[in-house]
Amino acid sequence: PTIINNYFYFGNTFNAPIVGDTRVSFQVVETSNVSILAKQTGNRLAPYITSRGGEILLVEKGYLTADEMIEQARSENTYLTWILRLIGYILCLVGFVVCFQPCITFADVLPCLGDMLECGICCLGAVVAAVISGTIIALAWLFYRPVLAVGIIAVLVLLCGGFWYIGNKRKENKKSLQDDDDDDEKQVEGCPPPPKEDNADQPFSMALGG
């Protein structure tokens, strides 16, 4: 073999390799202390099966207790879970906006109208995505954390109820204003026209004194 650039080269020429040539390198992994949380089976380690069917097999650098390793794994799992939830929320929002993209494109005939419609759809999509994501999270927690799941569902119900109440209130106010305008128009139509003053037909008199 030929030693070139810290490699053992087996073959014809390093600069012109052909099929069948081999390049071998070696690396040293320094020894360090590690902590392992697993089930010992004979002379080997295997994943520990929990009562709920989960597997525990953790390896960390340094000296750590079992509680510290479990807490660290729980923290990493929490970070990963919230990242996935955020990604799911963003995908739901993007999907909602994409569904209404033809309407936005059609409204872009008038630039101002297209921008206003896009802004409104994005705001509505943010609310819808929050409701859908929250519902999925609550359903996933319903078995493991029922109290938290019920709390999330209650907040979502209140949120939807609040938007529904505000929408109905605005409709009622608009209808009330429209009814008041109609009543004013009817009153104006039912009143007789004011009398016309005609000064030409009235006698004109003047008293002269001296």
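Let's start with valine 34, which is partly exposed in this predicted model: its relative accessible area is 42%. Valine 34 sits in strand β4, a stretch that covers residues 34-37.

Now for the aromatic rings. How many aromatic pairs turn up in a search of the whole structure? There are two. One of them joins phenylalanine 8 and phenylalanine 26, with 6.0 Å from centre to centre and 80° between the planes, an edge-to-face arrangement. Have a look at where the partners sit: phenylalanine 8 belongs to strand β2 (residues 7-10), while phenylalanine 26 lies in the loop between β3 (22-24) and β4. The two are 18 residues apart, so this pair links distant parts of the chain. As for cover, phenylalanine 8 is partly exposed at 31% relative accessibility, whereas phenylalanine 26 counts as exposed at 67%.

The other pair brings together phenylalanine 96 and phenylalanine 100. Why is this pair called tilted? The ring planes meet at 45°, which falls between the 30 degrees below which rings count as stacked and the 60 above which they count as edge-to-face, so tilted is the label that remains. The ring centres are 5.0 Å apart. Here phenylalanine 96 is buried, because its relative accessibility of 18% is under the 20% cut-off. Phenylalanine 100, at 34%, counts as partly exposed.

Next, follow the chain to helix α3, which runs over residues 111-141. With its 31 residues, α3 reaches 44 Å from its first C-alpha to its last, close to the 45 Å expected at 1.5 Å a residue. Which residues of α3 are buried? They are Gly114, Ile121, Gly125, Ala129, Val131, Ser133, Gly134, Ile137, Ala138 and Trp141. When you look at that list, keep in mind that an α-helix has 3.6 residues a turn, so residues three or four places apart point the same way.

That leaves the cysteines. How many disulfides does the model contain? The count is zero. For cysteine 92, the nearest cysteine sulfur belongs to cysteine 99 and is 9.5 Å away. For cysteine 119, the nearest is that of cysteine 123, at 4.3 Å. A disulfide needs two sulfur atoms within 2.5 Å, so cysteine 119 is in none. Cysteine 119 is also partly exposed, at 46% relative accessibility.

Terms used:
Residues numbered from 1 in each chain as written. Predicted model: local features only at pLDDT ≥ 70, side-chain atom pairs only at ≥ 80, totals over all residues. Heavy atoms only, no water. Buried < 20%, exposed > 50% of the residue type's maximum accessible area, 1.4 Å probe, protein only. Helix = DSSP H or I, 4+ residues; strand = E, 2+ residues; numbered from the N terminus. Expected span 1.5 Å × (residues − 1). Phe/Tyr/Trp six-rings, centres within 6.5 Å; stacked < 30°, edge-to-face > 60°.
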